[in-house]
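Dear colleague,

Please find below the structure that I promised to pass on to you, together with its sequence.

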Amino acid sequence: MSDCEQTPYLSIIIPAYNEERRLPPTLVKIVGYLRQQSYASEVVVVENGSTDQTSQVVSRFVDEHIMPDDKLVRVKLLHSLPGKGAAVKHGMLNACGEYRFICDADLAMPIEEIAKFLPPALKRGGFDIAIASREIEGAVRFQEPEYRHIMGRVFNWLVRLLAVPGIQDTQCGFKMFTSEAAETIFPLQRIDGWGFDVEVLYIARRHQLKLVEIPIHWYYQTDSRVRPVRDTVSMLRELLKIRRNGRRGLYATPAPHPMVDELPAV
Ligand SMILES: Nc1nc2c(ncn2[C@@H]2O[C@H](COP(=O)(O)OP(=O)(O)O)[C@@H](O)[C@H]2O)c(=O)[nH]1
Ligand SMILES: [Mg+2]
């Protein structure tokens, strides 16, 4: 699906909705880190319907920090249909990297930790998906309010019961996919909202892909796009939809509707 002139080693996909404030410092940190690596990489910001200057801050960042013929790091801005799930799907399927990483705009995980999700820390060929976990041994969570943790644990209990038994943290916004895993999973994704993480892992299990959990250091960020009541209700609905779709065999063939509109590259 992607239209790639080159294959960078790593693509970092950032879904972004009204992120004019959080995105610029995040881009500075990510691109600063990528410039120190020996491999070529790209950052793909996927925005939709923001009412603030999200697109403009990305364009400005590119003008100020990226040379047009930059061989090491590229930054692209794409637009998708509404929802975090739709944005990630669009980014994953239009990214070019050999490895493709979902990364929340708030960078609640320091970007240096990304090395834990790549060879040589992980064996090349030994994993298809590596997901960040705030729950397994070795993870450290900083400054998270107790109520948010409890909400997360209750949701995870339901997720394990209904969709993906055994995974302690499906919702953390940092996940690595090999290009083959991304191209197997994301064409099948149907959920546009917050519940997409569960769906993606459910599809991975269905296709017997190898999943590893990586313990991370995670710093709670006060600012959130999640609306606690409304989004919790729709995530529960999405959980049931995943099961229904699974029973109906919908995760064996690609989703019929393209979740793509125009693709202005910066
Ligand atoms: N493109 C796009 N990105 C979204 C949407 N909703 C959330 N995001 C992004 O998803 C990421 C996680 O959001 P955040 O508010 O940090 O969620 P929290 O950490 O779970 O409280 C951020 O990068 C958001 O900008 C959406 O509707 N569209
Ligand atoms: Mg966040």
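Two strands are said to pair if DSSP finds at least two bridges between them, and helices (H or I, at least four residues) and strands (E, at least two) are DSSP runs, numbered from the N terminus. This is a predicted model, in which local features need pLDDT of at least 70 and side-chain atom pairs count only at pLDDT 80 or more, while totals for chains, interfaces and linings use all residues. Residues are numbered from 1 along each chain as its sequence is written, and chains are lettered from A and ligands numbered from 1 in the order in which they are written.

I begin with the sheet, which is open and has seven strands in the order β3-β2-β1-β4-β7-β5-β8, with mixed pairing. At its edges stand β3 (73-79) and β8 (211-215), each with a single partner strand, so one side of each is left without a neighbour in the sheet.

Strand β5 (residues 129-133) is joined by three bridges to β7 (residues 174-178), the two running antiparallel, and by five bridges to β8, with which β5 runs parallel. Towards β7, Ala130 stands opposite Met176 and Ile131 opposite Lys175, whereas in β8 the bridge partner of Ala132 is Ile214. Five of the five residues of β5 are buried (20 or more other C-beta atoms within 10 Å of a residue's own, C-beta atoms being placed from the backbone), so β5 is largely enclosed by the rest of the structure. Ile129, Ile131 and Ser133 point one way from the strand, and Ala130 and Ala132 the other way.

Helix α3 (residues 84-94) is likewise largely enclosed by the rest of the structure, because eleven of its eleven residues are buried; among them are Lys84, Lys89 and His90.

Leaving aside neighbours within four places in sequence, Val43 is in contact (C-beta atoms, placed from the backbone, within 7 Å) with Ile12, Ile14, Leu27, Ile30, Val31 and Val75.

Finally, Leu23, Pro24, Leu27 and Val31 in α1 meet Thr54, Val57, Val58, Phe61 and His65 in α2.

With best wishes

Technical notes. Two residues are in contact if their C-beta atoms, placed from the backbone, lie within 7 Å. A residue is buried if 20 or more other C-beta atoms lie within 10 Å of its own, exposed if 12 or fewer, and partly exposed in between; C-beta atoms are placed from the backbone.
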